[in-house]
Structure formats: structure tokens, C-alpha cells
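Student: Could we go through this model by question and answer, with the cut-offs stated as we go?

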Amino acid sequence: MSIVKGLAIAALASFAVNAGATTVTLGAGSSTLPMVVAAGGILGPTVSFNDIFNFTLAGPGKISYQVTEKEVVFGYPDPSSSLGFSVAQIYDISDTSFTYGLYNASNALVTDLNNLTSGAYYIKVSGTTTGLFGGQYTLKTTITALPVPEPETNLMMLLGLAAIGTLTYRKKNSL
């Protein structure tokens, strides 16, 4: 009797682990946004940006992403300053305009990142650069496909378990 229980537990445990999940990194790196130079080499107005990163899920999944602004500051001698020293932003994005989010094909913001259905999605990063040389940010994204059990494997396991149960039942009744 303990052999049958052991086989049943092993079969049920194998149902739980027979489907694997796949993890894919969509992208990691930096985007440097351009500066605007007016005629004569004078810095012009700030630049607005709206970057879109598209991807498609073939099945259910989840996503984690992180968008980080990089600020690069340097100091320079400035006799007009009371300290004799000033600071300038080389790469910067306006904190009030910097936004990002995950959207579905209907352009709706997705708030539940752990229960995505199959379909098209995109990450939108937007803002306004305020640094001397524009702005810079980093996007790190990981997409994980949720495990989906394969019905053929489960059917074969159930048939095998039924066959073992039948043999055990016949053997027990023949004694």
C-alpha cells in the first residue's frame, strides 16, 4: 500500500514541475538624448522625447522593469559666483516631466505586472531634457513567460497512473 501512495505522490509532484518558465531580457542599456544647438553654437531650447519599446507576449507572463535617470554634473570656476565655483548639469532630464509606464495594445496603462496575457505591449519613456548635452536614462527589463502545462504530458501521466492502479488492484484481489 505504501508503494501506491509513493507513486501517487510522485505523479502529483511531477504535475507541478513539468511546465517550465522562460525568462527573456528585453533590453538593458542607456539612451542618451540629444542636445539642441541653435544657430551660432548657442544652446537652444530643451528637447522633449517620447521613446517606445515594443514587445509581444506569446502566452501569459510577467514583467519587471526599471527606468533610471542618470544625472551628470560637473563643476567649473565662476568668478561671478559668490563661491567662485558653479555647477552645470551635463546630462539631465526634468524631474517634473520624466514619466514611464507599461501599456497594452489599447494604450491603457498596465498596473498588474504579474498577470499579463498574451498580446502586444510597450514601455513608454518620456520627458524633457534640461542638461547641456541632453538627458540620459537606463532601461532594464526582464520578461518571464509563466509556465503552461502541456496536456499531452499530463494525459500520459494520468494513463500511466491508472494502469499502475489497475495492476495493483488486480494483484490485491487475486491474493
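Predicted model: local features only at pLDDT ≥ 70, side-chain atom pairs only at ≥ 80, totals over all residues.

Tutor: Residues are numbered from 1 along each chain as its sequence is written, and side-chain values use heavy atoms, with hydrogens and water left out.

Student: What pattern does the protein chain follow along the sequence?

Tutor: Helices (H or I, at least four residues) and strands (E, at least two) are DSSP runs, numbered from the N terminus. The protein chain has two helices and eight strands. Read in sequence order, the pattern is α-β-β-β-β-β-β-β-β-α.

Student: What percentage of contacts between residues at least 6 apart in sequence join residues at least 24 apart?

Tutor: A contact means heavy atoms within 4.5 Å. Among the protein chain's contacts between residues at least 6 apart in sequence, the share joining residues at least 24 apart is 76%.

Student: What percentage of the residues count as buried?

Tutor: Buried means under 20% relative accessible area, exposed over 50%, and partly exposed in between (1.4 Å probe, protein chains only). The protein chain has 175 residues. The part of them that counts as buried is 25%.

Student: Is S126 buried or exposed?

Tutor: S126 lies in strand β7, residues 119–129. Not counting residues up to four places away in sequence, S126 touches F49, N50, S97, F98 and T99. Its relative accessible area is 14%, so S126 is buried.

Student: How many aromatic pairs are there, and what kind is the one formed by Y65 and Y100?

Tutor: Rings of Phe, Tyr and Trp (its six-membered ring) pair if their centres lie within 6.5 Å; planes under 30 degrees apart count as stacked, over 60 as edge-to-face and the rest as tilted. A search of the whole structure finds six aromatic pairs. Y65 and Y100 are 6.4 Å apart centre to centre, with 85° between the planes, and this pair is edge-to-face.

Student: Why does the pair of Y65 and Y100 tie together parts of the chain, and how many residues apart are they?

Tutor: Y65 belongs to strand β3 (residues 61–70) and Y100 to strand β6 (residues 99–104). Y65 is partly exposed at 21% relative accessible area, and Y100 is partly exposed at 40%.

Student: What kind of pair do F98 and Y137 form, and into which cluster do ring pairs link F98 and Y137?

Tutor: F98 and Y137 form a tilted pair, 6.2 Å centre to centre with 50° between the planes. F98 is in the loop between β5 (85–91) and β6, while Y137 is in strand β8 (residues 136–145), 39 residues apart. Both F98 and Y137 are buried. Ring pairs link them into a cluster of F49, Y65, F98, Y100 and Y137.

Student: Which residue lies over the face of Y103?

Tutor: A charge sits over a ring if NZ of Lys or CZ of Arg is within 6 Å of the ring centre and within 35 degrees of the ring normal. At 5.2 Å from the ring centre of Y103, the residue over its face is K124.

Student: What is the phi of N107?

Tutor: Most residues other than glycine have a negative phi. N107 lies in the loop between β6 and β7, and N107 is exposed at 53% relative accessible area. Although N107 is not a glycine, its phi is positive, at about 65°.
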